[in-house]
Amino acid sequence: MTPVTATHTTCRCWLIRSYDHDLSESLVPYWLKGGFCSVSWGEVPEVPTDASRAEAREIVTAAMPGRPKERIDHVAGALYRFVSVMDIGDVVVTAKRGQPVHVGIVEGPHYYDADGEKRLARRHNVSWLTTAAPLELDSLPEGVREKLMAGQATLTKLDNEAAKYFGAFSARDGGSSSSPTSGRAALSATDPASRYARLCTELAATEHDTHGVRRALTVTAPVRRAKARDAVLTRCDGACENPECEGAPSDVKDSGRPILEVDHIHDIAKGGRDAPEQMIALCPNCHAVKTYGSTREALRDRLLGVAQAAHADWLSRIPGGADR
């Protein structure tokens with residue numbers, strides 16, 4: 001094997017472990033064959049790609065009731081790093097004592113295959129460089145080897161020494177140890193246009209497997225009262241209630257009414273009240289910011305004040321309103 005020198009710029013490099021303890025089986029062969037890496041915990045539902053660490057922890061806590069705090073923190077941290085932090089172009093490394101070491105380059109964002117095998121459902125597409133000839137753990141520099149064997153975290157960001165080593169390995173030209181998609185050829189697969197074309201090709205090849213297929217879902221949702229929604233739509237008078245709205249759509253629905261969405265300022269599923277004073281009418285843009293934006297928490301606080309003030313104002317407009 002050609003020696004690797006750590007002369008390249010440090011990249012972000014992840015040590016990823018995946019071992020199915022229930023079946024006493026390594027998942028790495030599935031990764032190499034399918035061109036991906038994954039983390040498990042099938043009992044935990046999908047974690048949104050833009051989830052914060054706190055939001056990931058809420059999802060894990062709900063899915064693993066009664067588990068120790070340390071276990072919840074471990075799972076939530078790994079899922080947050082895998083879903084929200086790991087990115088295209090990052091390097092991934094597998095390592096387990098007695099097993100070969102494999103190196104790959106992340107070439108796709110996180111996705112959740114809800115219909116697939118649960119232990120493999122949470123994935124990143126990876127171009128594996130070592131399918132034909134994996135690295136031997138004992139052949140690695142001592143410092144790098146020690147980092148790979150330290151701890152048992154599912155997903156760990158490797159320090160500069162190891163990151164430089166594997167970054168240099170993944171970026172070098174050619175190399176007898178790599179698979180057909182090796183070195184810089186693998187890096188080119190992260191080009192947005194190349195990735196788009198590859199995804200389209202893969203979709204076209206499998207479209208017949210899913211076209212027209214439906215799956216049954218069991219859904220539970222909080223009960224909402226139509227009168228509360230109607231009250232908010234009456235109060236908003238056809239306009240987005242966010243004072244900082246930068247422009248609602250000028251188009252209207254088929255009914256002629258404005259395109260507005262009534263939302264609970266604090267999610268009803270998490271204890272928010274189904275009452276007009278805690279609900280707000282928003283245009284689609286403001287609704288998206290309130291739901292997904294990095295400023296959503298501060299915005300929710302402001303919107304709650306707006307809703308409560310508007311609620312009190314409208315009640316005061318009728319005779320005896322102040323006594324209501």
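Student: Is the crossing in which helix 2 passes helix 3 left-handed or right-handed?

Tutor: The model is predicted: local features need pLDDT of at least 70, side-chain atom pairs count only at pLDDT 80 or more, and totals for chains, interfaces and linings use all residues. A crossing is left-handed if the near helix is turned anticlockwise from the far one by less than a right angle, and right-handed if clockwise. As helix 2 passes helix 3, the crossing is right-handed.

Student: At roughly what angle do the axes of helix 2 and helix 3 cross?

Tutor: Axes are lines fitted to C-alpha atoms, for helices over the stretch in contact, and angles run from 0 to 180 degrees between N-to-C directions. The axes of helix 2 (residues 53-63) and helix 3 (residues 69-85) come within 8 Å, and they cross at roughly 125°.

Student: Which residues of helix 2 make the contact?

Tutor: Contact means heavy atoms within 4.5 Å. On the helix 3 side, the partners include I72, V75, L79 and Y80. Helix 2 contributes R53, A56, R57, V60 and T61.

Student: Which residues of helix 8 are buried?

Tutor: Buried means under 20% relative accessible area and exposed over 50%, with partly exposed in between (1.4 Å probe, protein chains only). The face of helix 8 turned away from its buried side carries the exposed residues A226, K227 and T234. The buried residues of helix 8 (residues 226-236) are A228, V232, L233, R235 and C236.

Student: Within what arc do the buried residues of helix 8 fall?

Tutor: The arc is that of the directions from the helix axis to the C-beta atoms. The buried residues line one face of helix 8, because seen down its axis they fall within an arc of 160°.

Student: Which elements are included in what covers the buried residues of helix 8?

Tutor: Helices (H or I, at least four residues) and strands (E, at least two) are DSSP runs, numbered from the N terminus. The cover includes strand 10 (261-264), strand 11 (279-282) and helix 10.

Student: What is the relative accessibility of R300?

Tutor: Residues are numbered from 1 along each chain as its sequence is written, and side-chain values use heavy atoms, with hydrogens and water left out. R300 lies in helix 10 (residues 296-316). Beyond residues up to four places away in sequence, R300 touches I265, K290 and T291. R300 counts as buried because its relative accessibility is 14%.
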